[in-house]
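Q: Could we go through this structure together, one part at a time? Please keep the answers plain.

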Amino acid sequence: MQRTATFLWHLVPTATLAIALALVSPGGVRAQDADTTSETAAGVTPTRRIVISLTERRLHLLEEGRPPRSFPVAIGRLGVAIPLGDSRVLRKRRNPTWHPTANQRRENPALPVSVPSGPSNPLGKFALDLGWTAIAIHGTNEPDSVGRRASGGCFRMLPADIAVLFEMVPVGTPVRVVSGPAAVPAPQPTIAVAVPAAIPTPTPSPSLLPKVAPPPLPILADPRCATAGAPLRRMICTVPDLAALDGRARGLHQRHLAALPAERRDAAAYALLQEERRFDDRITARCWVRRGMEEDPAVAAAAEDCLRDALSARLEEAKRR
């Protein structure tokens, strides 16, 4: 009896400590973070990780056994502090509501307390909240800003890219932000397989071959036209012959990308994105129109002629690529 009482007496401090730890533990997690809690508690080891390079302005999605994927991002504008180091995806939000921070509302008192999901929401349709306060990877309603220093500290992605990332990345995925280039694993070399030589067949004379008409130039619409705000971009989107010139150049760029090996496609797509931004800068400087003056017939005619020359030159460059 005495031994039993002594044993129970020794259990009291242990039980008291367990209860105290349960009371002060951060286990009282908000409902919005429930996904994070369940995945972490299950001891799931994440198979994917994200590395964001500020120098490259790209987000790299790395996964064991698969080639890395890369997406352009917008980073914090000049004067905005950008977090560096390690974090993780705490929460995933579909059709998120945007709540401007106190600093943002001090800088711009006209900002509302919140902006619901919709075309005017700067977070777009998807958001991945990170461990840093008020920092997320999210979409945007300003696709032109992607690849630039344009955000308030978050990492913006093109709408199509964030939709892909949102489906691929679970809560708890590690995220690392680096100032220099990301250390991305090189693609595995392909193994050459010997194929028996085929018996050569005689090649008909070129003069005997039927003449095949070249395929028509593909026309790819500018996805920014739905939200275009700059006068010159609206002009390109709404004047039929300008839209056709722009669409043919885009179609040729897309055909060029599709013909590249997969390991070179992301880098080439980023180079084309940068080239498009330089083109926008050139037409802004050469064909400049003051906002609100595009309704003047003389101003509009001069701007259209300037844009027609610039777009024709760009189309010829795309043909020579």
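Q: Let us start with I236. Which residues does I236 touch, not counting residues up to four places away in sequence?
A: This is a predicted model. In it, I236 touches L242, A243, D246, I283, L307 and L311, with residues up to four places away in sequence not counted.

Q: And where is I236 found?
A: I236 is part of helix α5, which covers residues 231-238.

Q: Is I236 buried or exposed?
A: I236 has a relative accessibility of 1%. Buried means under 20%, so I236 counts as buried.

Q: What about L311? What separates the C-alpha atoms of I236 and L311?
A: A distance of 9.2 Å separates these two C-alpha atoms, although I236 and L311 are 75 residues apart along the chain.

Q: Which residues of α5 are buried?
A: They are P231, L232, R233, M235 and I236.

Q: What covers the buried residues of α5?
A: The covering elements include three helices: α6 (240-258), α7 (262-286) and α8 (297-320).

Q: Changing topic: which residues of the largest nonpolar core touch the most other members?
A: That core has 25 residues, and those touching the most other members are I50, I52, L59, I137, F155 and L165. The elements giving two or more residues to this core are β1 (48-53), β2 (58-63), β3 (66-76), β5 (126-130), β8 (155-157), α4 (159-168) and β9 (174-178).

Q: Which element gives the largest share of this core?
A: Helix α4 does, with four residues.

Q: What does I52 touch?
A: Not counting residues up to four places away in sequence, I52 touches R58, L59, V73, I137, F155, V175, R176, V177 and V178.

Q: What about the second core, which residues does it include?
A: The second core is separate and has 20 residues, among them M235, A300, L315 and A318. M235 is also one of the buried residues of helix α5.

Q: Back to β1. Why is β1 called largely enclosed?
A: Five of the six residues of β1 are buried, so the rest of the structure largely encloses this strand.

Q: How many bridges join β1 to β2?
A: Six bridges join them, and the two strands run antiparallel. Within this pairing, R49 has L62 in β2 as its bridge partner. The two strands form a hairpin with four residues between them, and R57 in the turn has a positive phi of about 55 degrees.

Q: In which sense do β1 and β9 pair, parallel or antiparallel?
A: β1 and β9 pair in the parallel sense, over four bridges. The bridge partner of I50 in β9 is V175.

Q: Now β4. How does β4 pair with β9?
A: Strand β4, residues 85-94, pairs with β9 in the antiparallel sense over four bridges. R88 stands opposite P174 in β9. β4 also pairs with β5 in the antiparallel sense, over five bridges, and V89 has L130 in β5 as its bridge partner.

Q: What is S87 in contact with, leaving aside its neighbours within four places in sequence?
A: S87, a residue of strand β4, is in contact with L130, G131, W132, T173, P174 and V175 when those neighbours are left aside. A polar atom of the S87 side chain lies 2.8 Å from the backbone nitrogen of G131. S87 counts as buried, at 14% relative accessibility.

Q: Where is the place of A134?
A: A134 lies in the loop between β5 and β6. Its phi is near 60 degrees, a positive value in a residue other than glycine.

Q: And N95, where is that found?
A: N95 is found in the loop between β4 and α3. N95 has a positive phi of about 50 degrees although it is not a glycine. At 44% relative accessibility, N95 counts as partly exposed.

Notes: Residues are numbered from 1 along each chain as its sequence is written. This is a predicted model: local features need pLDDT of at least 70, side-chain atom pairs count only at pLDDT 80 or more; totals for chains, interfaces and linings use all residues. Side-chain values use heavy atoms; hydrogens and water are left out. A nonpolar core is a set of buried Ala, Val, Leu, Ile, Met, Phe, Trp, Tyr and Cys residues joined through side-chain atoms within 4.5 Å. Buried means under 20% relative accessible area, exposed over 50%, partly exposed in between (1.4 Å probe, protein chains only). Contact means heavy atoms within 4.5 Å. Two strands pair if DSSP finds at least two bridges between them. A polar contact is a pair of N or O atoms within 3.5 Å; within protein, one must be able to donate a hydrogen and the other to accept it, and residues adjacent in sequence count only if both atoms are side-chain atoms.
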